[in-house]
Amino acid sequence: MTPQELNQLKKYSAHIRANVLKLMKAKNGGHLGGSLSIVEVLSVLYGRQMRYDAKNPRDPHRDYFVLSKGHAGPGLYSALSVFHFFDEAEIYTLNEGGTRFPSHPDRTKTPGVDATTGSLGQGISVAAGIAYALKLQGTDQYVYCIVGDGELNEGQCWEAFQFIASYRLNNLIVFIDDNKRQLDGYTKDIINPFDIVEKMRAFGFSTERVNGGSEEAISAAVDRAKAVTDSAVCIVLDTIKGQGIPYFENIADNHSVKLSPADTVVIDESVAALSAIYEEAK
Amino acid sequence: MTMWTALKEPFAAKEQRAVFVETLQELIDRNPRVVALEADLGGASGFSKIKESHPAHFVQVGISEANMIGVAAGMSLRGYIPFVHTFAPFVARRACDQLYMAGAYSKNTINVFASDPGVCAATNGGTHTTFEDLGFIRALPDALVFDPADGVQLNWLLHELVDRTGIHYVRTTRKDIRPIYKPGSTFEIGKGNILTAGKDVLLLAMGELLGEALDAAARLQQAGISTEVIDMFTIKPLDRDLILQEASGKKLIVTCENHSVINGLGSAVADVIAEAALNIPLRKVGIQDRFGQVGSLKYLKQTYGLTAEHIQSVVQDHFSA
């Protein structure tokens, strides 16, 4: 990746992050923490790694993206708006009656959403089915799926992982967003995940852990994952819930926030700083 | 178009699973998008035969029913037409949320072979018995729900379903069921079939209980009670118009089902009767809010009152009361 390309990805990340914050402010809160922790991976996927046509989101030759941790819908909508699937203005209808932007992704409503998710553990199975079908169809398309670390509590994830590993679905790149927190607290205090990398390796995945706040590290890991030919692949993203905004990283309960006046001041300041990054080129 | 003929003489029919598998093999030959998914019951369902005949169209998911429904949904997103099999409780109870979320709500297509519903679980016993699957599945918006009468109807039904999108739940025994229709008969989804005419009593039955209802009607006829029998193989959408039309002038309606009397055919028919304000009594033959248990099919049908004799006594008790 050239410095220019990396700089572009950082701009995308800044733009997605700013949109998440603006969306939270417009709605006076929402699923902030888990939306922010996937900003960099979304930037890498939509800004560099994925094949798609934003003007033809159902293009049968596209790569697929499944947000198994569906509560991070605002993060996905923010990214899709940056990558021109729809006008940014429309995402602010989030959760209003009749909106195309429900809290959790709905493939029947939102352009660019490939799978309906929100009941945790299910998206990864759907991603497995898409990947299996793509293999049958003999195409070189990829499926990218983000599973939450808290979501790993769901047994269905492990059912799906066994399936993916057994069939060596290396056309499905599984990301685990290890942001260390879930709704009720730290994952280690709720249901201890122990060593996620070791677990995934034991399940048969070629697995590595990367800095989930680094576009460069994520993209390089995806390149390496695409070179794996004989097993399923998993990239564990070492992230922070609320990533990129220290103030929100440090709020104890940042899964679904209700914003205080002080919070909105931070949002305004953060959006201004982020805008300076991604608007620099204009 | 509906063009069916009821059998006059019994004939040796295939097991339902053989009908299911052979029909799927035929459908795969016609349409390469048809795939069969199995959760490690291929030997029980016969789906293993599809693995042999059409290996690229068989997906072994292992003992993970929730995942199987999700995988089927994902394959549907790539244009495949999935037929999944497991025992009825392991899809209706265990994977109900997956069938709802990844299936119905996501507007994906999944055809379910939910085998051995109700007492058909026989010696697999109470753990493997579902008396309540219709309650769950009927409540899924847009889902179509069937309890086919026999192999002829099952074969016809699968040919119909392959061209439709959505959630299609087909509950039927894996084994023998009494043949009702002549081979080649055709039907219509959402339309009941009047098998015997009658003016006093209306028996609405399906699946395993249809044969019992026909026998009960014959006995009642001899006892001077004119009894009509309708095959309600489509539980959803229910043939409301036919029920209202045929209930007219009857003195009693009896529903007969291999399912709990809560939330099954009887409840669906009760909705129709109540909403139309028909002043006709309804009796529900089915499982009276009980759990399943092991036993032969014959033993279980007697134990839970799913026999012609019981249907007959329900009718006669009503008139003698």
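Predicted model: local features only at pLDDT ≥ 70, side-chain atom pairs only at ≥ 80, totals over all residues.
Begin at the contact between the chains. Chain A brings 29 residues to it, and chain B brings 25 residues. Together they bury about 2,100 Å². Carbon and sulfur atoms give 54% of that area. On the side of chain A, three residues stand out: Arg107(A), Gln122(A) and Glu159(A). They supply 23% of the area that chain A buries against chain B, more than any other three residues.

What kinds of pairs cross this interface? The rule finds 0 salt bridges between chain A and chain B. Polar contacts are another matter: 15 residue pairs are counted between the two chains, with both residues at pLDDT 80 or more. Now look at which elements of chain A face chain B. Those that give two or more residues are α6 (122–136) and α7 (155–166) of chain A. Helix α6(A) gives the most, with 10 residues. By type, this side of chain A divides into 12 nonpolar, 12 polar and 5 charged residues.

Next, turn to the sheets of chain B. Strands of a sheet pair through backbone hydrogen bonds, and the pairing is either parallel or antiparallel. Take the sheet of 7 strands. Its order is β2-β1-β3-β4-β6-β5-β10 (chain B). The sheet is open, and its pairing is mixed. Which strands stand at the edges? They are β2 (58–60) and β10 of chain B. Each has a single partner strand, so one side of each is left without a neighbour in the sheet. Neighbouring strands here are turned by 20 degrees against each other on average, direction ignored.

Strand β5 (residues 144–146) of chain B pairs with β10(B) in the antiparallel sense, over 2 bridges. One residue pair to find is Val145(B) with its bridge partner in β10(B), Lys236(B). A helix also packs on this sheet: α8 (residues 151–161) of chain B. Helix α8(B) touches β3 (81–87), β4, β5 and β6 of chain B. Its direction makes about 170 degrees with that of β6(B).

Stay with Lys236(B) for a moment. A cis peptide bond joins Lys236(B) and Pro237(B), with omega at about 0 degrees. Pro237(B) lies in the loop between β10 (234–236) and α10 (240–247) of chain B. Another backbone feature sits at Asp116(B). Its phi is near 55 degrees, a positive value in a residue other than glycine. Asp116(B) is found in the loop between β4 (110–115) and α7 (133–138) of chain B.

Now for the salt bridges. Over all chains, the structure holds 34 of them. One links Arg171(B) with Asp133(B), where the closest N and O atoms are 2.9 Å apart. What does this pair tie together? Arg171(B) lies in strand β6 (residues 167–172) and Asp133(B) in helix α7 of chain B, so the pair ties together parts that are 38 residues apart in sequence.

Chain B also has an open sheet of 5 strands, in the order β7-β9-β8-β11-β12. The pairing is mixed. At the edges stand β7 (193–196) and β12 (282–287) of chain B. Each has a single partner strand, so one side of each is left without a neighbour in the sheet. The twist averages 25 degrees from one strand to the next.

Which way does β12(B) pair with β11(B)? Strand β11 (residues 252–260) of chain B and β12(B) run in the parallel sense, over 5 bridges. Within this pair, Cys256(B) stands opposite Val285(B) in β12(B). Helix α11 (residues 265–275) of chain B packs on the sheet. Helix α11(B) touches β8 (201–205), β11 and β12 of chain B, and its direction makes about 145 degrees with that of β11(B).

Last, step past β12(B). Val294(B) is in the loop between β12 and α12 (297–303) of chain B. What does Val294(B) contact, leaving aside its neighbours within four places in sequence? Its contacts are Ala122(B), Thr123(B), Asn124(B), Gly125(B), Gly126(B), Tyr299(B) and Leu300(B). Compare Gln222(B), 72 residues from Val294(B) along the chain: their C-alpha atoms are separated by 35 Å.

Terms used: Residues numbered from 1 in each chain as written. Chains lettered and ligands numbered in written order. Heavy atoms only, no water. Contact = heavy atoms within 4.5 Å. Buried area = accessible area lost by both parts, 1.4 Å probe. Salt bridge = Lys/Arg side-chain N within 4 Å of Asp/Glu carboxyl O. Polar contact = N/O pair within 3.5 Å; in protein donor to acceptor, adjacent residues only side chain to side chain. Helix = DSSP H or I, 4+ residues; strand = E, 2+ residues; numbered from the N terminus. Nonpolar A, V, L, I, M, F, W, Y, C, P; charged D, E, K, R; others polar. Pairing = 2+ DSSP bridges. Axes fitted to C-alpha atoms, helices over the stretch in contact; angles between N-to-C directions.
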